[in-house]
Amino acid sequence: MRQLLIEHGPNQLNQFDFSKDRMFRKFSKYHYNPRLFNGDKVCRHWLQYSVNNDSVYCFCCKLFISSTTAAPSLSFNGSHDCKNMSAVLSGHEKSSEHLANFQSSKEFELRLRHDKTIDAEHLRLVKKKEQ
């Protein structure tokens, strides 16, 4: 399942009317690509919005969270704190847990692209034995 999800990547909703909270605030697609103080844009490819839960999640933390580390807030429950969303996302992307999960995600993606996964290696050994 993880392999299929990594192959397809996160799906970011851009043409969607996000639901409002009781204070009439809502998630904005701006959070996918915020601007830094110097004017540069940051691409948060890992950020995903769930229509069913009206929450945002971290794609790589959801897939690669380990039981030995503290669970980042965007991995299990997500966040729908529209008032503090910028702070939540900024804090999350700087956390050591997120950085480790992001690295695991990118490494797995590279292994898939170069056919260097455990399954691929196992299949090569089976074919070698068959020959």
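Predicted model: local features only at pLDDT ≥ 70, side-chain atom pairs only at ≥ 80, totals over all residues.

Is Asp54 buried, partly exposed or exposed? I got 26% relative accessibility, so Asp54 counts as partly exposed; the buried label would need a value under 20%.

Next I checked where Asp54 is placed, and I found it in the loop between strand 1 and strand 2. Leaving aside neighbours within four places in sequence, I listed Ser19, Tyr49 and His80 as contacts of Asp54. With Tyr49 there is a polar contact, side chain to side chain, at 2.4 Å. I also looked at Asp54 and Ser86, which are 32 residues apart along the chain, and their C-alpha atoms are separated by 16 Å.

Then I went inside. The largest nonpolar core has 13 residues, and Phe27, Trp46, Leu47, Val56 and Leu89 have the most contacts inside it. Strand 1 (47-50), strand 2 (55-58), helix 2 (59-64) and helix 3 (85-94) each give two or more residues to this core. I also noted a second, separate core of six residues, including Leu63, Phe64, Phe108 and Leu112.

What does Trp46 touch? Not counting residues up to four places away in sequence, I wrote down a list that includes Tyr57, Phe59, Leu74, Leu89, His92 and Phe102.

Last stop, the surface. Met1, Leu4 and Leu5 make a nonpolar patch of about 330 Å² there. I placed Leu4 in helix 1 (residues 2-8). Leu4 has 48% relative accessibility, so I put it down as partly exposed; exposed would have needed over 50%.

Methods: Residues numbered from 1 in each chain as written. Heavy atoms only, no water. Core = buried A, V, L, I, M, F, W, Y, C linked by side-chain atoms within 4.5 Å. Buried < 20%, exposed > 50% of the residue type's maximum accessible area, 1.4 Å probe, protein only. Helix = DSSP H or I, 4+ residues; strand = E, 2+ residues; numbered from the N terminus. Contact = heavy atoms within 4.5 Å. Patch = residues over 30% accessible without salt bridge, like charges linked within 9 Å, V, L, I, M, F, W, Y side chains within 5 Å. Areas by Shrake-Rupley, 256 points an atom, 1.4 Å probe, with all protein chains shown as cover. Salt bridge = Lys/Arg side-chain N within 4 Å of Asp/Glu carboxyl O. Polar contact = N/O pair within 3.5 Å; in protein donor to acceptor, adjacent residues only side chain to side chain.
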